[in-house]
Amino acid sequence: MIIAVPALRTLGNILTARDEYAQAAIDCGVLEAFTQLLDHPKKAIRKEICWSISNVTAGNSGQIQRCLDIGLIDKIVSIMSTASLDLRSEAVWCLSNSTAQATPEQIKALVEKGIIQAIGSVLESRDPRTLVVALEGCNFILKCGQEHLLNEQGQNPMVIVAEQCGLVDKIEQL
């Protein structure tokens, strides 16, 4: 445990660097290891893992797709529904970052996995940075829906989901 957090911090820094460095780590199986470590009993380890994952989800759409394919996003969404607010405040970066470079198909998949509800779970936070990150993710989702995913009636399906899960009410309360 003594070296686990610094080792994870070092790996997270590598994942923050250039896309090819992050891709090399991904190719070596780091995301699969992170998926397992998200169940670690120590919160400090889980927080470091979330920070490292957020560096990957801030990458390109291929890296986001890998996180979707191996169930890593599902794990983060699950954390968002069960963890303490301080851990959710770290995990929300993973989800919000994944919306910035995601394709419309990936946004749709993220929403189907419950990302809107998960992001909404931190809107009671008093931390301005957490709120901004959450709202940026919401903005990317809603904007993508408006630009690329309108239904036959010309409605943004992302707005419909946001209204159904109470996100709009939470934003209005802010």
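What covers the buried residues of H4?

Reply: The model is predicted, so local features need pLDDT of at least 70 and side-chain atom pairs count only at pLDDT 80 or more, whereas totals for chains, interfaces and linings use all residues. Residues are numbered from 1 along each chain as its sequence is written, and side-chain values use heavy atoms, with hydrogens and water left out.

The cover over the buried residues of H4 includes helix H1 (4–16), helix H2 (19–27), helix H3 (30–37), helix H5 (61–69), helix H6 (72–82) and H7. Helices here are DSSP runs (H or I, at least four residues), numbered from the N terminus. Contact means heavy atoms within 4.5 Å, and buried means under 20% relative accessible area, with exposed over 50% and partly exposed in between (1.4 Å probe, protein chains only).

Helix H4 is largely enclosed by the rest of the structure, because twelve of its 15 residues are buried. Those buried residues are Ile45, Arg46, Glu48, Ile49, Cys50, Trp51, Ser52, Ile53, Ser54, Asn55, Val56 and Thr57. The length of H4 also agrees with expectation: at 1.5 Å a residue its 15 residues should span 21 Å, and its end C-alpha atoms are 21 Å apart. The expected span is 1.5 Å times one less than the number of residues.

The axes of H4 (residues 43–57) and H7 (residues 85–100) come within 8 Å and cross at roughly 15 degrees. The crossing of H4 and H7 is left-handed, meaning that the near helix is turned anticlockwise from the far one by less than a right angle.

On the H4 side, Lys43, Arg46, Lys47, Cys50, Trp51, Ile53, Ser54 and Thr57 take part in the contact. Their partners in H7 are Asp86, Leu87, Glu90, Ala91, Trp93, Cys94, Asn97 and Ser98. The residues of this contact divide into seven nonpolar, four polar and five charged.

Leu85 also lies in H7. At 29% relative accessibility, Leu85 counts as partly exposed. Leaving aside its neighbours within four places in sequence, Leu85 is in contact with Val122, Glu124 and Ser125.

Technical notes: Axes are lines fitted to C-alpha atoms, for helices over the stretch in contact, and angles run from 0 to 180 degrees between N-to-C directions. Helices (H or I, at least four residues) and strands (E, at least two) are DSSP runs, numbered from the N terminus. Ala, Val, Leu, Ile, Met, Phe, Trp, Tyr, Cys and Pro count as nonpolar, Asp, Glu, Lys and Arg as charged, and the others, Gly among them, as polar.
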